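Work through the following exercises with the structure open. Each task is followed by a solution in steps.

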Amino acid sequence: MRVRLVAVLLPMFSWTLSAQTVGASLSGTVHDPSGAVIPRADIEITNTGTAATRVLKTDEQGRYRDPALVPGDYELRVSAPGFQTLVRRGIQLTVGQDGIVDVTLEVGRTAGEVTVTAEIARINLASGALSGLVDQKQMRDLPLNGRSFQQLALLQPGVGAALAAGNDVVGGRTPKISINGARPEQSSFLLDGSDINNVYNKTPGSVAGVLLGVEAVLEFQVLTNAYSAEFGRSAGGIINAVTRSGTNRYHGSLFEFVRNSAFDAKNFFDPASAPIPPFKRNQFGGALGGPIRRDRTFFFGTFESLIERLGVTGVAAVPDLNARRGVLPSGPVELHPLIPRYLDTLFPLPNGRVLGGGVAEYLFSRSQPTNEYFTQGRIDHRFSSKDTLFGRYTFDTGNVDRQLFNKPPIVFTKERSRNQYVTLEEQHTFTPALLNALRLSYSRSTQEADNQRTISIPPELSWIPGGSSVTSRFRDWLPRWPATSGCLGTII
């Protein structure tokens, strides 16, 4: 569980001091036709989706800067006495972008207005950091097996899959990534500026092995090298994601993705006479955003579910029929009367090849059910041109009955995960040159694993006659740990 409180005062014209870049910034210099700077010019930066306007003035060197803008489409209006007003449209800002728009005002009547529509360059001229952007078009259009959006980070140079980092309860089921060869624990995942690394400081996600939120995340930036110290704490790299927010227009989507075993081939260990182990996955959900109060309050909500039934083929080594009677390759041995009962209870009869040495194969197929539910809601509110507030809550819960594939199917592992992330941020503009950003975040991640028995063990097969079974007594002796952030493991 993590709780973070961040409060930063930002000089609007500062070129050296900045807070953690959650959104984007816009800066530039205003000149007259001769190239001289124009101090005290009026600057209006308007978000065309929400009509939110930030009012600034250029400093004595003709510079302006807004360091805390939400990614989106903007319009820039610049005016000064004795000059024609200039309106620059088509300014699209992305997460982590330091947009630069220099303006030249023409001498003329104040009532005159010049409108220019042009995109700004995506090349970052204000920072030497090496980074890449996964924009909203890539987020929604690129195919993803399982819709785990962190996979898109692998498209960036210097980012690779950390295959040796493991895929288990201890460390998390979500595939790990390595940035520039650093360990997975050295990468930081931020959502709206809040830390969402899992309890092992690795890739966040669920026991299903996915990090859902393709419809909930607007875009994310991958910082790989030479990024600013404002991010701190992580030496490997930064995954800086921002969530979607509502606008003055309603927009949303519905989706469902289906996978099944209709065209699957058999596994090498599947018996030739048995059918293909069944497999079916449904991922469905939707998103909706829009205004609660036009130009003032906006909402955006998403829901997604992953329902999967995976047929797991397993092969285990069990005692063959001769070994169960005490007939071993080295010769017959006398068995205790309870030994055959133990063997028949704990080891199923072989149905595959005889491997020798009293051992044979047991081939089996079990269904591994997975259920995951993800939801996220965000509210943005503008009290005035000087005060804005947003809050976002993310909830994700997953359950998997994980089947063993290399041991007799007398147990399975019941795994559960639950992630909750909350972020609140308030921005207040004291003067055209001073902005305060206050952010409060809370994150809680829980992972649990518990072995569950699939067979019934007779009471007489116990350490003490008439008592509980061997495994039950051992299970009763184990301490029961509380379900807190981390990993809970018990033995049958």
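Rings of Phe, Tyr and Trp (for Trp, its six-membered ring) form an aromatic pair if their centres lie within 6.5 Å; planes under 30 degrees apart count as stacked, over 60 as edge-to-face and the rest as tilted. The model is predicted, so local features need pLDDT of at least 70 and side-chain atom pairs count only at pLDDT 80 or more, while totals for chains, interfaces and linings use all residues. Residues are numbered from 1 along each chain as its sequence is written, and side-chain values use heavy atoms, with hydrogens and water left out.

**Exercise 1. Aromatic pairs**

Task: count the aromatic pairs and classify the pair Phe149 and Phe220.

Step 1. The count by this rule is 5 aromatic pairs.

Step 2. The ring centres of Phe149 and Phe220 are 5.7 Å apart and the planes stand at 55°, so this pair is tilted.

Step 3. Helices (H or I, at least four residues) and strands (E, at least two) are DSSP runs, numbered from the N terminus. Phe149 is in the loop between helix H1 (136-141) and E12, and Phe220 is in strand E16 (residues 217-225), so the pair ties together parts 71 residues apart in sequence.

Step 4. Buried means under 20% relative accessible area, exposed over 50%, and partly exposed in between (1.4 Å probe, protein chains only). Phe149, at 6% relative accessibility, counts as buried; Phe220, at 0%, also counts as buried.

Step 5. For Tyr227 and Phe231, the centres are 6.3 Å apart and the planes are at 90°, so the pair is edge-to-face. Tyr227 and Phe231 are both buried.

**Exercise 2. Salt bridges**

Step 1. A salt bridge is a side-chain nitrogen of Lys or Arg within 4 Å of a carboxyl oxygen of Asp or Glu. The whole structure holds 21 salt bridges.

Step 2. Arg54 is buried at a relative accessible area of 12%, and Asp66 is buried at 0%.

Step 3. Arg173 is in the loop between strand E12 (159-161) and strand E13 (177-179), whereas Glu415 is in strand E26 (residues 411-431), 242 residues apart. Both Arg173 and Glu415 are buried.

Step 4. Arg439 belongs to strand E27 (residues 434-453) and Glu425 to strand E26, 14 residues apart. Arg439 and Glu425 are both buried.

Step 5. Salt bridges with shared partners join Arg147, Glu215, Arg244 and Glu304 into one network.

**Exercise 3. Charges over rings**

Task: which ring does the charged end of Arg147 sit over?

Step 1. A charge sits over a ring if NZ of Lys or CZ of Arg is within 6 Å of the ring centre and within 35 degrees of the ring normal.

Step 2. The charged end of Arg147 is over the ring of Phe255, 4.2 Å from its centre. Arg378 lies over the face of Phe390, 4.1 Å from the ring centre.

**Exercise 4. An open sheet**

Task: give the strand order of the open sheet of 5 strands.

Step 1. Two strands pair if DSSP finds at least two bridges between them.

Step 2. The order is E11-E16-E17-E14-E15, with mixed pairing. Strand E11 (130-134) and strand E15 (194-195) stand at the edges with a single partner strand each, so one side of each has no neighbour in the sheet.

Step 3. E11 pairs with E16 in the antiparallel sense over 5 bridges, and Leu130 stands opposite Asn225 in E16.
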